[in-house]
Amino acid sequence: MENGGSTITIKGILSLLMESISELEDEEGRCVKRVISLGMGDPTLYSCFRTTQVSLQAVSDSLLSNKFHGYAPTVGLPQTRRAIAEYLSRDLPYKLSQDDVFITSGCTQAIDVALAMLARPRANILLPRPGFPIYELCAKFRNLEVRYVDLLPENGWEIDLDAVESLADENTVALVVINPGNPCGNVYSYLHLMKIAETAKKLGILVIADEVYGHLAFGSKPFVPMGVFGSIVPVLTLGSLSKRWIVPGWRLGWFVTTDPSGSFKDPKIIERFKKYFDILGGPATFIQAAVPTILEQTDESFFKKTLNSLKNSSDICYDWINEIPCIDSSHRPEGSMAMMVKLNLSLLEDISDDIDFCFKLAREESVILLPAGTAVGLKNWLRITFAADASSIEEAFKRIKCFYLRHAKTQSQTIVDL
């Protein structure tokens with residue numbers, strides 16, 4: 001499996017796909033087919049996904065108080081760090097302190113911090129494939145060698161732990177675990193996470209737990225934070241308000257040492273963290289100041305509504321996929337906001353790969369999907385984002401089915417190919 005994530009970002013691919021669309025117009029110049037994007041993981045694009053009123057009021061109050069227009073401490077406001085420590089501690093068998101928490105500009109900056117802190121000559125890092133391409137991009141900037149651990153679609157996209165053991169060596173610094181899964185829509189079980197922790201301990205490496213989709217689990221398995229196993233192996237937990245509170249543009253994230261054994265408590269390590277944050281620009285101070293109220297006062301009904309919407313939209317996707325022969329999903333999504341779909345090129349007459357499929361689909365049907373070979377490292381797969389309203393998903397898949405029928409091989413051609 002190839003990965004071209006180092007040469008182009010997801011946003012770069014999506015921009016190219018959008019540029020390729022020539023919207024069809026009728027005789028009066030009105031658009032016949034509106035663009036439907038199931039490629040970008042931004043739920044705010046659809047009116048069915050909106051943040052809670054508590055969040056809006058908290059930010060408004062913070063801004064209008066005139067108390068938070070100045071610089072915040074580079075590691076974050078104390079009350080913000082404390083609130084996040086208390087929030088994460090709800091799901092852990094131990095208590096975090098504000099000193100364990102560092103505030104970042106979204107989870108993307110938390111990723112960069114984690115890799116910057118681990119970088120050293122000849123070091124390598126184990127990344128999941130498929131995964132989130134920002135890790136590879138950050139690793140290359142930090143001169144960290146990347147080694148890919150394939151996820152197993154037949155096992156619900158679990159990490160191939162045998163591969164982890166064979167790929168790791170004395171220069172391996174960490175294993176990245178994304179749970180709930182982006183882009184796979186999976187949720188790891190308690191048992192699998194424990195096995196990951198035990199494998200990492202055996203190899204003497206730490207775990208970077210990307211939990212930006214934390215708690216967005218709507219299947220049979222509950223969300224279990226990797227920090228639960230912090231007493232087995234040191235864990236760096238990365239997260240943000242972006243997905244659970246549906247505010248990706250607020251850029252409020254965190255980098256947290258979930259490490260009850262104190263591996264990160266060495267004064268030299270803490271000092272290195274602090275010095276690195278001195279050169280970073282964190283989130284706006286008034287957004288930080290709103291966090292305690294947001295975390296403490298958001299009603300559970302808001303979260304339940306979001307989960308119900310995601311489950312409903314993911315079910316619509318899954319059911320439609322079963323109606324279109326050239327695409328297949330290995331399992332029903334259980335979490336996050338995206339899923340992976342395998343492309344069967346043998347059923348298509350003039351489609352060469354996942355990139356060709358997506359660009360022709362965009363031009364012909366004004367539907368945007370993400371080619372996974374270029375974006376997330378799994379050639380001839382597609383990533384579909386289901387954080388959209390039901391009517392848009394229905395319309396998108398109707399067009400995808402029309403696209404399939406237009407490009408499908410005849411039965412005789414298929415028999416010859418077989």
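A helix crossing is left-handed if the near helix is turned anticlockwise from the far one by less than a right angle, and right-handed if clockwise. With that in hand, here is a tour of a predicted model, in which local features need pLDDT of at least 70, side-chain atom pairs count only at pLDDT 80 or more, and totals for chains, interfaces and linings use all residues. Residues are numbered from 1 along each chain as its sequence is written, and side-chain values use heavy atoms, with hydrogens and water left out. Helices (H or I, at least four residues) and strands (E, at least two) are DSSP runs, numbered from the N terminus.

- Eight strands form an open sheet with mixed pairing, in the order 2-9-8-7-6-3-4-5; two strands pair if DSSP finds at least two bridges between them.
- Strand 2 (101-105) and strand 5 (158-159) are at the edges with a single partner strand each, so one side of each has no neighbour in the sheet.
- Strand 8 (residues 235-240) and strand 9 (residues 252-258) run antiparallel and are joined by six bridges, with Phe255 in strand 9 as the bridge partner of Leu238.

- In strand 3 (residues 124-129), six of six residues are buried, meaning under 20% relative accessible area (1.4 Å probe, protein chains only).
- Asn124, Leu126 and Pro128 point one way from strand 3, while Ile125, Leu127 and Arg129 point the other way.
- Strand 3 runs parallel to strand 4 (residues 145-152), with six bridges between them; Arg129 has Asp150 in strand 4 as its bridge partner.
- From strand 3 the chain passes through helix 5 (residues 134-141) to strand 4, a right-handed β-α-β crossover: with the strands pointing away from the viewer, the path from the first strand over the helix to the second runs clockwise.
- Strand 6 (residues 172-178) is also parallel to strand 3, through three bridges, and its Thr172 stands opposite Asn124.

**Helix 11 and helix 13**
- The axes (lines fitted to C-alpha atoms, for helices over the stretch in contact, with angles from 0 to 180 degrees between N-to-C directions) of helix 11 (residues 354-365) and helix 13 (residues 390-407) come within 10 Å and cross at roughly 110 degrees.
- That makes the two helices roughly perpendicular, a term for angles of 65 to 115 degrees.
- Their crossing is right-handed.

**A buried loop residue**
- Asn186 sits in the loop between strand 6 and helix 7 (190-203), and its 2% relative accessibility makes it count as buried.
- Beyond its neighbours within four places in sequence, Asn186 is in contact (heavy atoms within 4.5 Å) with residues including Trp157, Asn179 and His331.

Technical notes. Buried < 20%, exposed > 50% of the residue type's maximum accessible area, 1.4 Å probe, protein only. Parallel < 35°, antiparallel > 145°, perpendicular 65-115°, else oblique.
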